[in-house]
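Me: I've got a structure to go through. Can you help me read it?
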Amino acid sequence: MTRSVPPVSPSVSITPQAVYHNRRTILKLLGLGAAALATGCTSQAAPPVPVPETPRRAGTLAVSRRTDDAGGEAQTPYPDATQYNNFYEFGTGKSDPATNSSRFKPRPWSLEIAGHAEKTGRFALEDILAGQPLEERIYRMRCVEAWSMVIPWLGFPLANLLKRFAPTSRAKYVAFTTADRPAQMPGLADRILDWPYREGLRLDEAMHPLTLLVVGMYGRELPNQNGAPLRLVVPWKYGFKGIKSIARIEFTEQQPRTAWNVAAPGEYGFYANVNPAVDHPRWSQQTERRIAGTGFNLFGNRITTQPFNGYAEQVAHLYAGMDLRKYF
Amino acid sequence: MIFRDRIAATKPLVFILCLLPLAHLTWSALHGSLGPDPVAQLEHRSGDWALRLLLATLAITPLRRFSGWHPAIRFRRMLGLFAFVYACLHLTIYVVIDLGGFWSQLFGEIAKRPYITLGFAAWLLLVPLAATSTQRMMRRLGRHWQRLHRLAYLAALFGVLHYVWLVKADHREPALYLGIWSALMLARWPRRARYARGSGAAMAPVRN
């Protein structure tokens, strides 16, 4: 049973001016620009449409707005971002998710909303996404294993969705749970983690405008191995906070239990903010290996890790007065 | 016939076999076929081969004991030296390519990270073994040679623990290496006790 999802508030549903001005971007992302060029339908004055690095095909998504939140740093090539993943539900090797996720069915999908909110229940993904303009955000992604990528995500602020369910004053945290489908997720047979995968955010972190609920990347729908059909991206936190294939969202009063924190509480904290000053007990977090760019890339990949992954200006105030060594 | 015997004739083949992983690694690196994080691949694969060859070296004694094929001893030094070659390669890749430009981090890493400390210790233990692997050193050290070269057990253990410790959650593969190391140790244990009771003559280094 799926219920109808609370409507998108008018302030969100009207077309922002930026969308109108970016219509060329929208066309480009739709792949229409390239098609028009190929058929000679554009005037000579039109700026050349860059040939996309990744082939356009079914599942291409329209975008209302594009923001580079990675300071113009070189993007990770699409094949790398989709073939080098940590998604233990499909195996623990980096290429396992790409290899083992083909049986996973991201449609039909429903999302359960539970806990301290005025509206709860199970909602079809289509209703969750209806009337929700998608934006492209280019974020740095820093893995706790000390490698990083730069990825153009497609999604919308998580806050937009959470507000529609009207969390009550008792809602202090948001807990997320990944789908639990042993028949489609072979990695679940191995009790590497206490399945299903769980993650959580403090409500103010969840409501922060940088926190993104993602349905696509590189202009198209999320591949299974990257967390289809719906995943979380919190760019100032280590990658494991970005829970994939979300099946359930619950508003809680207590700090939720999270998969990696349960597995190794001394190594993976609830907050997991990117912090070069607080090392993982077994390895340094001062620097990271950046997986980006193309060509011969054996040397010079190591860069300095930024506090909050370079988003300190936007998010450091959330943790004012907190001992980040204690709340790592 | 240019070779003394069949074992001597097989040695060049084993030599080439031991070089194959290095050749494959080099070829893959130059052709960009190491995947999205080539540096991690170089580290992991060179480390894997150092461990495998070190365990293969330690497998020679049990192999002789259980199969009775004693000439196996004549491959031991080559295997051990190749283990050292891959360990050197592994360390070089980490220091030069991975930490490239951030060498100030190196000493902190060796001192603070238990798994790096252990890995580095394993490599250090192999250095005197490689240095004393020549015929001349064997003769010069006499019965001390055998005692010194028992450090290989410790080096292998450190190497395996180095692997166990760096893994995030899936410990199956490093556990397999630890299992093999334990089995190789157990396989020589009773023999050692018997030797301890008897004369030390059987412990003299074998010339190959």
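Me: How do α4(B) and α5(B) lie to each other, roughly parallel or roughly perpendicular?
Reply: Keep in mind that this is a predicted model. Helix α4 of chain B covers residues 104-112, and helix α5 of chain B covers residues 114-131. They pack at an angle of about 95°. Angles of 65 to 115 degrees count as roughly perpendicular, so α4(B) and α5(B) are roughly perpendicular to each other.

Me: And how far apart are their axes?
Reply: The axes are 5 Å apart.

Me: Which residues make that contact?
Reply: From α4(B), Glu109(B), Ile110(B), Ala111(B) and Lys112(B). From α5(B), Pro114(B), Ile116(B), Thr117(B) and Phe120(B).

Me: What classes are they?
Reply: The contact of α4(B) with α5(B) has five nonpolar, one polar and two charged residues.

Me: New topic. How many residues of chain B are in contact with chain A?
Reply: 27 residues of chain B, and they meet 30 residues of chain A. The two chains bury about 2400 Å² between them. Of that, 55% is on carbon and sulfur atoms.

Me: How many salt bridges between chain B and chain A?
Reply: Seven. Arg172(B) forms a salt bridge with Asp190(A). Their closest N and O atoms are 3.1 Å apart. There are also 11 residue pairs in polar contact across the interface.

Me: Which helix gives the most to chain B's side?
Reply: α2(B), with five residues.

Me: And how does that side of chain B divide by class?
Reply: The residues touching chain A are 16 nonpolar, two polar and nine charged.

Conventions: Residues are numbered from 1 along each chain as its sequence is written. Chains are lettered from A and ligands numbered from 1 in the order in which they are written. This is a predicted model: local features need pLDDT of at least 70, side-chain atom pairs count only at pLDDT 80 or more; totals for chains, interfaces and linings use all residues. Side-chain values use heavy atoms; hydrogens and water are left out. Axes are lines fitted to C-alpha atoms, for helices over the stretch in contact, and angles run from 0 to 180 degrees between N-to-C directions. Helices (H or I, at least four residues) and strands (E, at least two) are DSSP runs, numbered from the N terminus. Angles under 35 degrees count as roughly parallel, over 145 as roughly antiparallel, 65 to 115 as roughly perpendicular and the rest as oblique. Contact means heavy atoms within 4.5 Å. Ala, Val, Leu, Ile, Met, Phe, Trp, Tyr, Cys and Pro count as nonpolar, Asp, Glu, Lys and Arg as charged, and the others, Gly among them, as polar. Buried area is the accessible area (1.4 Å probe) that two parts lose on being put together, summed over both. A salt bridge is a side-chain nitrogen of Lys or Arg within 4 Å of a carboxyl oxygen of Asp or Glu. A polar contact is a pair of N or O atoms within 3.5 Å; within protein, one must be able to donate a hydrogen and the other to accept it, and residues adjacent in sequence count only if both atoms are side-chain atoms.
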